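Let's take a walk through this model together, one piece at a time. Keep the 3D view open as you read.

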Amino acid sequence: MSQDCPRPLELAMLVDYWFEDAAPPEQERVEEHLMECEGCSARLRAIVALGEGVRRAVGDGAVQVVVTPAFVETAVREGLRTREYRLPPGGRVACTVTPEDDLLLTRLEADFKGVSRLDVVSNWEGGLEQRLEDVPVSPDARELIMAQAMPALRALGHAVLRVRLVAQEERGERLLGEYTFTHSPTRG
Amino acid sequence: MRLAYAVRALADADHVPEASDSALANRVARGDREAEAELYRRLAPRARLYGLRHLRDPAAADDLAQDVVLMTFESLRSGKLREPEHLGSFVLGTCRRVVAGLRRGVARRQGLLERFGSGLAPAVLGDAAPLDLDRVTRCLEGLPERERSVVVLSFYAERRTDEIGAELGLSSANVRVVRHRALARLRACVEGAS
């Protein structure tokens, strides 16, 4: 056993080991290496620590991200208080965020069949357009679930947000749905 | 006072000793407390990593690391572990047995704790530098949407690769590629390289 590593493992191999994607013989080999190699062990520990940082950032509602029903189940199981707005195409909703909310989820219903690339285009009334490119969604999904960044929403006054889901296709863009959020701040 | 070497190990955290693990193990076998402190500082985080991977519970991983290293010291002192060059295999084998025992609901740590003391583990195990959460958040926000979702679902929702793929309409191979790329990018960003 030594502090130097003559044959450091690839980061991808360490990550596959951590997420149980390596085949059993390879897992054993990685485990043996990690127990003897401080350098590789430290690299994987840094990734694990980074993962804990991701968990905390997400649990704090700090990040806007496309999520899935499994994510929502985890958030609820961990006791996060979630506020949800579900809209059909063309839908409008009056919305807010309160000091008690840990997460705000928007559920935008649409038919994603045949969609290979999806963009989310947002416009605050009187503001600039923001485009989230190539967001992940299953063709079998019936809604796009997004966890919103809570710090930005908490700082928001009265505002109207229009969101469009746009499929990028060979012949151009195809609108899947447009959704309107009329936001009012909650005094807390 | 019998835990003084652990305190010294913490105070000496920046020191990179030259001795190999097996050389330290030889010294531990002869009752060298300073070697114990150094070997504990090296082995406990590795054993904890094994525990996190298999138990997915930080507190249980802390306990595992402490138990395994103390059992290793006991074996070195009693002469049961006669070939220190096989220390890594011994520690790994002990990790596997303890995890199997934990899964059977067997608790065997009290006697060892009474012998070696319970004040060793938590501070010594926390070897990772504290993360700047604001920086992690900014770096996450800088990832492409697909990469951010895969990283979040991997670490927060703790879903298997095939489950993430099914929910996002990606193959397992694609999820792995996206995750590798995202983690390399995120790590570089958090460490300030980009």
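Start with helix 4 of chain A, which lies across strand 1, strand 2, strand 4 and strand 7 (143–147) of chain A. Against strand 2 of chain A, this helix runs at about 150°. Bear in mind that what you're looking at is a predicted model.

Now for the strands under discussion. They make up an open sheet of four, in the order 1-7-4-2 (chain A), and the pairing is mixed. At the edges sit strand 1 and strand 2 (82–87) of chain A, each pairing on one side only. Going from one strand to the next, the twist averages 25°. Strands in a sheet pair through backbone hydrogen bonds, and they can do so parallel or antiparallel. Strand 2 and strand 4 (residues 103–109) of chain A run parallel, with six bridges joining them. To find one of the pairs, look for A:Glu84, whose bridge partner in strand 4 of chain A is A:Leu105.

Chain B has another make-up: 11 helices and zero strands. Of its 194 residues, 45% are buried. Among contacts in chain B with a separation of 6 or more, 64% link residues 24 or more positions apart.

So where do the two chains meet? The contact takes 47 residues from chain A and 48 residues from chain B. On chain A's side, the elements that give two or more residues include helix 1 (11–18), helix 2 (24–36) and strand 6 (129–135) of chain A. The largest share, 16 residues, comes from helix 3 of chain A. Sorted by type, the chain A side has 29 nonpolar, seven polar and 11 charged residues.

Note on methods. Residues are numbered from 1 along each chain as its sequence is written. Chains are lettered from A and ligands numbered from 1 in the order in which they are written. This is a predicted model: local features need pLDDT of at least 70, side-chain atom pairs count only at pLDDT 80 or more; totals for chains, interfaces and linings use all residues. Two residues are in contact if their C-beta atoms, placed from the backbone, lie within 7 Å. Ala, Val, Leu, Ile, Met, Phe, Trp, Tyr, Cys and Pro count as nonpolar, Asp, Glu, Lys and Arg as charged, and the others, Gly among them, as polar. A residue is buried if 20 or more other C-beta atoms lie within 10 Å of its own, exposed if 12 or fewer, and partly exposed in between; C-beta atoms are placed from the backbone. Two strands pair if DSSP finds at least two bridges between them. Axes are lines fitted to C-alpha atoms, for helices over the stretch in contact, and angles run from 0 to 180 degrees between N-to-C directions.
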